[in-house]
Structures are given as C-alpha cells and as structure tokens.
Amino acid sequence: MTKGHKNKGLKEPSGPAGFRLEDLLLIPSGKKAFHIMEQYPLPPTYACRQPGAFPSYVIVFLVPSYHGGPRMNLLLRYERDTSSDEGIEPAHLQAYKQMIDRCAEPGSTFFADRIKVLPYLAAGAGWVMSKLVNNQPGLICAALETRQFQGDGYIEVDIDAEGFKSGPFSTFAKKIIDVVRPKVASLVIDLAFMLQGNEEAELPERLIGSIRLARLDLANPFVEDPSECESKKW
C-alpha cells in the first residue's frame with residue numbers, strides 16, 4: 001500500500017490467490033528480449049477466448065548471463081481461478097476484480113506499474129540472508145525497469161533484472177539480488193505476486209499467484225525433475 005497509509009508496514013494474511021500457475025518456462029536468448037509472448041504465442045485454445053474471458057497474466061524476468069551461460073527469460077503464466085473467490089467478502093472481491101481489469105485495458109501500464117513481489121527463502125539460506133530477504137514486499141517498478149505488453153489472450157509484464165533505477169528502494173533491491181544471485185543454485189525461493197493498492201478502495205491486497213523455484217542453476221538451467229519447480233499455495 002502507498003506511503004502514508006495508516007496500515008503501511010502492517011502485514012496481514014492475504015486471501016487465496018486469484019490465479020493458478022499454468023506454465024513455468026526458462027527461455028534462453030542471445031540478447032535482451034522484451035515481449036517474449038510475441039515470439040512464443042499462446043496455442044489457439046488459449047488465445048481465442050470467449051468475449052469477456054480473462055486473459056493469461058504473464059510475468060517475465062529478464063535475467064542476464066551468468067557464468068558464461070545464455071541470457072534467460074523466466075516466464076510465469078497465470079490463469080484466473082474463480083473457484084478461489086469463494087468466501088471472500090463481496091466488497092473485497094469487487095476491489096480485486098477492478099484492479100485486475102485495469103491491467104487489461106487497452107494501452108494500460110497498470111500491471112507494470114503496480115506489480116509487487118513478496119520473496120521468501122524457504123531453504124538453503126543462512127540467518128543473515130534470510131533476514132535481509134524474507135517477507136520484504138516491494139513495488140517492482142520502484143526498483144527495476146518494467147514494461148507491459150498485450151496480445152491475443154494475454155497480458156505480459158517484463159521485469160528487467162539488471163535495469164536498476166535510482167533511489168533507496170532500488171539500492172536495497174540491488175543489494176538483495178547481489179546477495180542471492182551467487183547462491184541461487186542452492187536456494188529454494190518462494191515468490192508471491194500481487195497488485196499494490198494505493199487507495200482504500202483498492203484494499204485489501206490479494207495475491208495474483210506464487211511460484212517456488214528450487215535450486216535454479218542459471219549457468220545450466222535445465223530442470224531434470226519438473227517437480228522441483230512447483231506452485232506454492234500461500
């Protein structure tokens with residue numbers, strides 16, 4: 001939530017995620033590649049949706065080359081899961097729907113401007129690293145360059161993991177990345193995503209979705225056991 005809000009800094013449990021993870025892909029590229037979904041379009045069964053249907057919400061991290069390996073694009077594709085809406089207060093559900101609908105408006109940058117991440121190191125980290133990283137939510141665009149794209153059946157936000165901005169939060173984010181990146185192949189990392197609420201009518205914040213990345217070797221990024229990378233319910 002925005003700076004100055006009476007509940008700023010207070011952590012409250014989120015309702016169940018409003019989306020489910022459908023795909024996790026690691027896509028190598030020789031150069032920095034934005035709008036990856038344009039190059040790897042959705043199958044017709046996903047792209048050609050009924051009028052009014054929710055698009056796929058796609059989050060892509062553009063990761064620089066590491067130890068001589070290729071540049072990588074970590075792509076997460078989420079689909080709306082309305083079954084998780086059961087039991088949520090109508091006013092809160094309406095606020096959530098309005099937020100995700102704004103992401104899909106033509107020409108919108110709402111997804112790129114409001115996407116927020118909550119990291120947690122579930123295994124492999126020492127006390128100091130865990131203290132630095134765990135449960136430190138952040139508005140991504142305050143630290144890193146983000147871009148939003150739209151196409152048939154999807155909305156994509158690209159997060160440039162080396163596109164640091166100026167400012168204190170960007171400095172803090174760079175410190176976290178510099179600490180975590182050399183150890184990522186030995187870590188189990190949970191990431192939860194949500195849209196930041198800046199006004200009372202946009203609260204409470206609710207998860208879009210989450211992901212667990214288990215011992216991801218960016219220098220040799222081929223997953224031998226698909227079960228090692230799994231969605232995580234929060």
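**Charged pairs and a polar side chain**

Mentor: Start with a pair that is out of the solvent: Arg77 and Glu79 are both buried. Buried means under 20% relative accessible area, exposed over 50%, and partly exposed in between, with a 1.4 Å probe and protein chains only. Arg77 and Glu79 form a salt bridge, with their closest N and O atoms 2.5 Å apart. A salt bridge here is a side-chain nitrogen of Lys or Arg within 4 Å of a carboxyl oxygen of Asp or Glu.

This model is predicted: local features need pLDDT of at least 70, side-chain atom pairs count only at pLDDT 80 or more, and totals for chains, interfaces and linings use all residues. Residues are numbered from 1 along each chain as its sequence is written, and side-chain values use heavy atoms, with hydrogens and water left out.

The salt-bridge rule gives a count of 13. Arg20 and Glu22 are one of these pairs, at 2.5 Å between the closest N and O atoms. Arg20 is partly exposed, at 38% relative accessible area. Glu22 is partly exposed too, at 28%.

Now take Glu162 and Arg71. Their closest N and O atoms lie 2.6 Å apart in a salt bridge. Glu162 sits in strand E7 (residues 154-164) and Arg71 in strand E3 (residues 71-80), so the pair ties together parts 91 residues apart in sequence. Strands are DSSP runs of E, at least two residues; helices are runs of H or I, at least four; numbering starts at the N terminus. Glu162 is partly exposed at 35%. Arg71 is buried at 15%. Shared partners join Lys32, Arg71, Asp160 and Glu162 into one salt-bridge network.

For contrast, look at Ser108. It lies in the loop between helix H3 (90-103) and helix H4 (110-114). Ser108 is buried, at 13% relative accessibility. A polar atom of its side chain lies 2.8 Å from the backbone oxygen of Arg102. The Ser108 side chain also reaches the backbone nitrogen of Phe110, at 2.9 Å. Leaving out residues up to four places away in sequence, Ser108 touches Arg102, Cys103, Gln148 and Gln150. Contact means heavy atoms within 4.5 Å.

Last, the whole chain. It has six helices and nine strands. Of its 234 residues, 46% are buried. Among contacts between residues at least 6 apart in sequence, 69% join residues at least 24 apart.

Definitions and conventions: A polar contact is a pair of N or O atoms within 3.5 Å; within protein, one must be able to donate a hydrogen and the other to accept it, and residues adjacent in sequence count only if both atoms are side-chain atoms.
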